[in-house]
Amino acid sequence: QVQLVESGGGLVQAGGSLRLSCTASGSAFSFSVVGWFRQAPGKQRELVATITPGGRTDYAGSVNDRFTISRDNFKNTAYLQMNNLKPEDTAVYYCKAAPSIATMTAGSWGRGTQVTVSS
């Protein structure tokens, strides 16, 4: 399994922006689908965005037109650019990498990075 470390979270006011980073170790990163997930306290974990090795992206309806997922295979890093943040975006954000979207939630989760949006 690819090991991932999330970073870039923090406290931001509503309407502000953050860029999360997900840095991977291992040569399999470039062949993996990368997904960003989030989990708010007391809530189910939800898939926010995915990007395939070829760069095709998908977004949850709640973040579409506000968030952008990207990747830099040379840097072994995926990003989540979050614009026009809302208080309901507050959550711990996690990234995962896997051969397919279907297998992305298998295995262990990292520590994530906390995003807090104040109203």
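With 80 degrees about the S-S bond, the link between C22 and C95 is right-handed. C22 lies in strand 3 (residues 18–25) and C95 in strand 9 (residues 91–98), so the bond ties together parts that are 73 residues apart in sequence. The two sulfur atoms are 1.9 Å apart, and the count comes to one disulfide under the rule that a disulfide is a pair of cysteine sulfur atoms within 2.5 Å. A disulfide is a covalent bond between the sulfur atoms of two cysteines. C22 has a relative accessibility of 0% and counts as buried, and C95 is buried as well, with a relative accessible area of 2%; here buried means under 20% relative accessible area, exposed means over 50%, and partly exposed is what lies in between, with a 1.4 Å probe and protein chains only.

The model is predicted, so local features need pLDDT of at least 70 and side-chain atom pairs count only at pLDDT 80 or more, whereas totals for chains, interfaces and linings use all residues. Residues are numbered from 1 along each chain as its sequence is written, and side-chain values use heavy atoms, with hydrogens and water left out.

The strands, like helices, are DSSP runs numbered from the N terminus (strands E, at least two residues; helices H or I, at least four), and two strands pair if DSSP finds at least two bridges between them. Four strands form an open sheet in the order 1-3-8-7, with antiparallel pairing. Strand 1 (3–7) and strand 7 stand at the edges with a single partner strand each, so one side of each is left without a neighbour in the sheet. On average, and with direction ignored, neighbouring strands of this sheet are turned by 15 degrees against each other, where axes are lines fitted to C-alpha atoms, for helices over the stretch in contact, and angles run from 0 to 180 degrees between N-to-C directions. Strand 1 pairs with strand 3 in the antiparallel sense over five bridges, and the bridge partner of S7 in strand 3 is S21.

Strand 7 has a covered face made of F67, I69 and R71, and an uncovered one made of T68, S70 and D72.

The other open sheet has six strands in the order 2-10-9-4-5-6, with mixed pairing. Its edges are strand 2 (10–13) and strand 6 (57–59), each with a single partner strand, so one side of each is left without a neighbour in the sheet. Neighbouring strands here are turned by 25 degrees against each other on average, direction ignored. Strand 2 and strand 10 (residues 113–118) run parallel and are joined by four bridges, and L11 has T116 of strand 10 as its bridge partner.

Within strand 4 (residues 33–39) lies V34, which is buried, with a relative accessible area of 1%. Residues up to four places away in sequence aside, V34 touches several others, among them F29, I51, I69, A97 and M104, where contact means heavy atoms within 4.5 Å. V34 and T52 are 18 residues apart in sequence and 6.5 Å apart in space, C-alpha to C-alpha. T52 is found in the loop between strand 5 (46–51) and strand 6 and is buried, with a relative accessible area of 12%; leaving aside its neighbours within four places in sequence, T52 is in contact with S32, V33 and R71.
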